[in-house]
Amino acid sequence: MTQPRRSTTGQRVTLAAFTGLLCLVVSAPAVMGVRYIDSHLAAMDKVFTDGTVGGGGGGTADGTGATSSVRPGADPWADLPRVNMLLLGSDAAEAREGTRTDTMIVVSIDTTTGDSVLFSIPRNLQQVPFPRDHPLHEVYPEGYDCGDQCLMNAVWMEAEAHAEENPELYAGDPNVGLTATRRTLETVLGVPIHHTVIVNLQGFEDLIDAMGGVTVTVKEEIPINGRTYTDANGKLQLDPDSPQLEWLEPGTQTLTGFQALGYSRSRVMSDDFDRMRRQRCMVAAVIDQANPMTLLQRYPAIITAVGDNVVTDIPQGDLGAWAELTLLVQDATIKSLPFTAQNTDTADPNYSHIRYRVWEALHPTPEPEPTAAPATPAPEDGATATDGDTSTDGPDEDGGGTPADEEATTSEPPSDELEEIGAVCD
């Protein structure tokens, strides 16, 4: 076809080039599809561990961590009204390695409505109780108590050290640190944890960049990438002369991966609990902004970042159900209940009270039906509408107060009570 009779050399070259272009156009989708498939398959074996994370994640509702027996293709939510997922932030270079877990969030999702509650657990929680059937309970029967060194974020490494000395007690557990962390958090919160997701926090930067950034509202100036030092009082301080010091300014903005990591991790000029609030806001922002079309367009970069930095025990066969559940979550309410110094004594916690607060958050009392307000009688002749009403400090018709009251309300710090995530993050 590229050599018709009576055609000139220029015509043959032009037609050959045009034919090659048509071949490229036809084959490009196939090449892109192969690229997507190759990226997808390479990541699947890294991300999904078939229930080996934490000693058989995909656990049963009784919190034992037994491997899920749901048939492939069956509805994983058929007998599960709420699914609880543990999100762990790891500093390890490889997410499967044991480390101190400074980020611990349990997400409880209503599998019918998608309504979710995020529970943030402080890393410095002390005297955490180990389950009675866990080997560490024999060592610490009254809770993990040895002062300010026995914190919740040290449970992982404590279990690994105990397993090295007593390997027979941990036979069959491929990740004793994660198992101990998950089982302990189940006991702290009083709910089963069905699945676990571990995110390498350094790789979190790559994931956000692959998504094209994430939009959040920064409430105050946040220093990132600066050097820090501990002063004579043991308090973390920022070195203002750090050559790479950057600042996130207040306001709603789209953060790069580097900025998002700094926003989520910085605790200089703030504290652990403020950092926990920002981490919950980041989780909610990523969920809200995970647009299917954007994810599809950026899929190779996203799946590569996920494959290098995320490990989970969610069965691959349940991915379709999880995709549908994620869409429900995006259109539903997301509430947050952190456990911070404002509502919990982290040095001497009342775990019965914590478990009650969790139960209360997952079983809210239905709001009463609105009732019609009684009719206001008409004033008598000569009386004004305000006769007999001498109150000057009550709320107006909208239930609000004076401008001074409103200003005082908006300037108060977060209450760290159960509330919708937007009340904290917007």
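This is a predicted model: local features need pLDDT of at least 70, side-chain atom pairs count only at pLDDT 80 or more; totals for chains, interfaces and linings use all residues.
Which classes of residue, nonpolar, polar or charged, make up the lining of the largest pocket? Residues are numbered from 1 along each chain as its sequence is written, and side-chain values use heavy atoms, leaving out hydrogens and water.

**View 1. The lining of the largest pocket.** By class, this lining has 36 nonpolar, eight polar and one charged residues (Ala, Val, Leu, Ile, Met, Phe, Trp, Tyr, Cys and Pro count as nonpolar; Asp, Glu, Lys and Arg as charged; the others, Gly among them, as polar). A pocket here is an open set of points on a 1 Å grid over the protein atoms alone, where a 1.4 Å probe fits, with protein on both sides within 12 Å along at least five of seven lines; lining residues have an atom within 4 Å of a point. Look for V197, L207, V286, V306 and T326, which lie nearest the pocket's centre.

**View 2. The buried face of helix α3 (residues 155-165).** V155, W156, A159, H162 and A163 are buried (under 20% relative accessible area with a 1.4 Å probe, protein chains only; exposed is over 50%, partly exposed in between). Seen down the helix axis, these buried residues fall within an arc of 130°, so they line one face of α3. On the other side, E164 and E165 are exposed.

**View 3. Strand β3 (residues 116-120), a covered strand.** S116, L118 and S120 point one way, V117 and F119 the other, and all are buried.

How values were computed. Helices (H or I, at least four residues) and strands (E, at least two) are DSSP runs, numbered from the N terminus. The arc is that of the directions from the helix axis to the C-beta atoms.
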